[in-house]
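Please keep the viewer open as you read.

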Amino acid sequence: MKPTNPTNPSKPKTALVTGGAGFIGSHVVERLVQRGIKTVVLDDLSVGKKENLPEASELVIGDICDPLVVKSVLDGVDVVFHLAARVSIRDSFRGLVEDAGTNVMGTVNLLKHIEETGVKKFIYASSMATYGDSNYLPIDEKHPLDPTSPYGISKLAGEKYVLCSCRHHGIEPVILRYFNTYGPRQTQTPYVGVITIFIHKLLNEEDLPIFGTGSQVRDFINVEDVAEATLLAMDYQGATNTFNVGTGTGTDINTLSEILKDAMNKSVRLNYLSEQPGEPSDSIADISLAKRELGFTPRWSLREKLPEVVEWNIRKQTQ
């Protein structure tokens, strides 16, 4: 389906990607470089890795909350992709100050310093966590915003700051609410990325931890599709500001565990644990708006891409 609004006739010459050495950011950087756009990456490498980046990109190692660093990377930039964040629902409870510091104040610091630059478009990576528990499925962009975690609150605050500041300064804002993204380069932690967590557990012959009943449904989208949607947002010239980025298909955690066990030929047990605070119940994206306006259609199903993700994790573990 073609987007209903025309794409940008003038290609940006220079892009800034905050958090560009990270999981999703590095895939966005790759596509920008492939399109011949000069790409500057701002990353503190707390999670991201230099080896994730193509050689043609320029890496500036620094903190999104540092005014001097932010000023230095904005010179000559046409479009900003703001992906730098602390990304964890569960960990945001114990890291309340750090979560707000990066996700809220880092965003505000960046917005403050684009006022006197040539930035024309600001693309903000938000999250399905802004919705909280679903009132209905699939979740469209008009669903109530009632986050159940500090992380969701910080991402929602970031959305509000982006829309307010960009409109005030004549910059085009686009908000992308990413759903459960998986794929190569996702850093393994106890808190983020159930697919990556399960793969590492299976490689180590460990039981799979499932919080709650395992019947909770998630919309798993491959990072390549997320990066593609993000680049489409750069080209978009319509009036809509906010889009879901998912597949529109749900998979419950019990089913996911069985798919991965079969794919990796493992017979570990499922270890059911107490539900974790802040985790939404069921979450499936309504992506009809992104299809209609951005021309976005996800290419990959979970079953198609899981073998590639498993293989990448096996290679990383043996390096």
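A residue is called buried when its relative accessible area is under 20%. The model is predicted, and that cut-off is a handy place to begin. Ser126 has a relative accessibility of 3%, so it counts as buried. This serine is found in strand β5. Leaving aside neighbours within four places in sequence, the contacts of Ser126 are Lys155, Glu159, Ile175, Leu176, Arg177 and Tyr178.

**The chain as a whole**

Stepping back, the chain has 10 helices and 13 strands. Its radius of gyration is 19 Å, close to the 20 Å that the globule rule gives for 319 residues, so the chain is as compact as a globular protein of that length. Along the principal axes, the C-alpha atoms fill a box of roughly 55 × 45 × 40 Å. Buried residues make up 55% of the 319 residues. Among contacts with a separation of 6 or more, 79% are between residues 24 or more positions apart.

**Nonpolar cores**

Which residues touch the most other members of the largest nonpolar core? They are Leu32, Phe81 and Leu176, in a core of 35 residues. At least two residues of this core come from each of β1 (14-18), α1 (23-34), β4 (79-82), β5, β6, α7 (223-235), β11 (242-245) and α9 (288-294). Helix α7 gives the largest share, 8 residues. As for Leu32, when neighbours within four places in sequence are set aside, this leucine is in contact with Ala15, Val17, Ile37, Thr39, Phe81, Leu231 and Met234.

**Aromatic rings**

Ring centres must lie within 6.5 Å to count as a pair. By this rule there are 2 aromatic pairs, and the table sets them out.

| Pair | Centre to centre | Angle between planes | Arrangement |
|---|---|---|---|
| Tyr131 and Phe179 | 6.4 Å | 40° | tilted |
| Tyr236 and Phe243 | 5.4 Å | 90° | edge-to-face |

Why does the pair of Tyr131 and Phe179 tie together parts that are 48 residues apart in sequence? Tyr131 lies in the loop between β5 (121-127) and α5 (150-169), while Phe179 lies in the loop between β6 (172-178) and β7 (180-182), so the pair links those two parts. Tyr131 is buried, at 1% relative accessibility, and Phe179 is buried as well, with a relative accessible area of 4%. Tyr236 and Phe243 are both buried too.

One more ring deserves a look. Lys305 lies over the face of Trp300, at 4.1 Å from the ring centre.

**Cysteines**

How many disulfides does the structure hold? There are 0. A disulfide is a covalent bond between the sulfur atoms of two cysteines. The sulfur of Cys164 is 9.4 Å from the closest cysteine sulfur, in Cys166, and this is too far for a bond. For Cys65, which is in no disulfide, the nearest cysteine sulfur is again that of Cys166, 17 Å away. Is Cys164 buried or exposed? Cys164 is exposed, with a relative accessible area of 58%, whereas Cys65 is partly exposed at 30% relative accessibility.

Technical notes. Residues numbered from 1 in each chain as written. Predicted model: local features only at pLDDT ≥ 70, side-chain atom pairs only at ≥ 80, totals over all residues. Heavy atoms only, no water. Phe/Tyr/Trp six-rings, centres within 6.5 Å; stacked < 30°, edge-to-face > 60°. Helix = DSSP H or I, 4+ residues; strand = E, 2+ residues; numbered from the N terminus. Buried < 20%, exposed > 50% of the residue type's maximum accessible area, 1.4 Å probe, protein only. Lys NZ or Arg CZ within 6 Å of the ring centre and 35° of its normal. Core = buried A, V, L, I, M, F, W, Y, C linked by side-chain atoms within 4.5 Å. Contact = heavy atoms within 4.5 Å. Disulfide = S-S within 2.5 Å. Rg over C-alpha atoms; globule rule 2.2 N^0.38 Å.
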